[in-house]
Amino acid sequence: MSDCIFCKIVKKEIPSQFIYEDNDVVAFKDLHPKAPTHILLIPKKHIEKLTDMKAEDSALGGKLLLAVSKIAEIEGIKENGFRVVVNNGKYAGQEVFHLHFHILGGKPMSWNPA
Ligand code: 5GP
Ligand code: ZN
């Protein structure tokens with residue numbers, strides 16, 4: 001989508017250092033990190049939120065989940081553990097409506113809502 005910040009990042013219209021990229025997904029540092037390591041993992045395809053994924057996106061969903069582990073390895077947070085957060089819609093506080101996984105690590109997590 002032309003006015004979507006994350007689509008602009010995918011197309012490199014907004015400069016951003018990718019820490020991981022393949023044909024379907026890309027990961028980069030969050031602009032306002034909430035933890036020592038705070039990575040955003042997104043599909044290159046514009047999908048507004050998790051609940052907008054369709055059956056045709058099932059392979060993409062798998063690729064996103066598998067990329068989490070690769071990113072954790074790259075960032076050196078795999079051994080100690082980390083958190084993956086997806087804000088879905090208004091009540092979750094979603095601000096950018098292009099599906100993204102927050103990957104948070106580098107310290108023990110103090111808040112456990114689940
Ligand atoms: P949400 O609240 O939608 O789950 O999270 C959006 C996240 O995107 C926030 O953590 C915010 O800091 C991050 N963010 C917003 N705009 C940009 C940007 O232009 N570049 C990067 N790297 N992160 C952004
Ligand atoms: Zn987008």
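Colleague: What does D57 touch, leaving out residues up to four places away in sequence?
Modeller: In this predicted model, D57 touches K45, I47 and D52. Contact here means heavy atoms within 4.5 Å.

Colleague: Where is D57 found?
Modeller: D57 is in the loop between β3 and α2.

Colleague: Why is D57 called buried?
Modeller: Its relative accessibility is 5%. Buried means under 20%. D57 therefore counts as buried.

Colleague: What makes K12 count as exposed?
Modeller: The cut-off for exposed is over 50%. K12 has 55% relative accessibility, so K12 counts as exposed. K12 sits in the loop between α1 and β1 (18-21).

Colleague: What is the phi of K12?
Modeller: Phi of K12 is near 65°. That is a positive value in a residue other than glycine.

Colleague: Now the metal. Which atoms are the protein donors of the zinc ion (ligand 2)?
Modeller: They are SG of C4, SG of C7, ND1 of H46 and ND1 of H98.

Colleague: How do you know that these atoms are donors of the zinc ion (ligand 2)?
Modeller: A donor is an N, O or S atom within 2.8 Å of the metal. These atoms lie 2.0 to 2.3 Å from the zinc ion.

Colleague: Why is the arrangement around the zinc ion (ligand 2) called tetrahedral?
Modeller: Four donors count as tetrahedral if all angles lie between 85 and 135 degrees. The four donor atoms here subtend angles of 106 to 117°, so the arrangement is tetrahedral. The ideal angle for four tetrahedral donors is 109.5 degrees.

Colleague: How are the donor residues of the zinc ion (ligand 2) spaced in sequence?
Modeller: The spacing is C-x2-C-x38-H-x51-H. The pair C4 and H46 links distant parts of the chain, 42 residues apart. C4 is in the segment before α1 (5-10). H46 is in the loop between β3 (37-43) and α2 (58-75).

Colleague: What makes C4 count as buried?
Modeller: The limit is under 20%. C4 has 6% relative accessibility, so C4 is buried.

Colleague: Why is H100 called buried?
Modeller: H100 has 6% relative accessibility, and therefore counts as buried. H100 lies in the loop between β4 (82-85) and β5 (101-105). Beyond its neighbours within four places in sequence, H100 contacts F6, L40, L41, I42, V85, V86 and Q94.

Colleague: Which polar atoms lie close enough to the side chain of H100 to count as polar contacts?
Modeller: The cut-off for a pair of N or O atoms is 3.5 Å. The backbone oxygen of H98 is 2.7 Å from a polar side-chain atom of H100. The side chains of H100 and H102 make a polar contact at 3.5 Å.

Colleague: Which residues come nearest to ligand 1?
Modeller: Of the 17 residues around ligand 1, these are K29, D30, E95, H100 and H102.

Colleague: Last one. Why is V68 called buried?
Modeller: V68, in helix α2, has 9% relative accessibility and so counts as buried. Leaving aside neighbours within four places in sequence, V68 contacts L41, F82, V84, F101 and I103. The C-alpha atoms of V68 and L41 are 7.7 Å apart, across 27 residues of chain.

Technical notes. Residues numbered from 1 in each chain as written. Chains lettered and ligands numbered in written order. Predicted model: local features only at pLDDT ≥ 70, side-chain atom pairs only at ≥ 80, totals over all residues. Heavy atoms only, no water. Donors = N, O, S within 2.8 Å, 3.2 Å for Na, K, Ca; no water. Tetrahedral: all angles 85-135°; square planar, octahedral: opposite > 155°, others 65-115°. Helix = DSSP H or I, 4+ residues; strand = E, 2+ residues; numbered from the N terminus. Buried < 20%, exposed > 50% of the residue type's maximum accessible area, 1.4 Å probe, protein only. Near = heavy atom within 4 Å. Polar contact = N/O pair within 3.5 Å; in protein donor to acceptor, adjacent residues only side chain to side chain.
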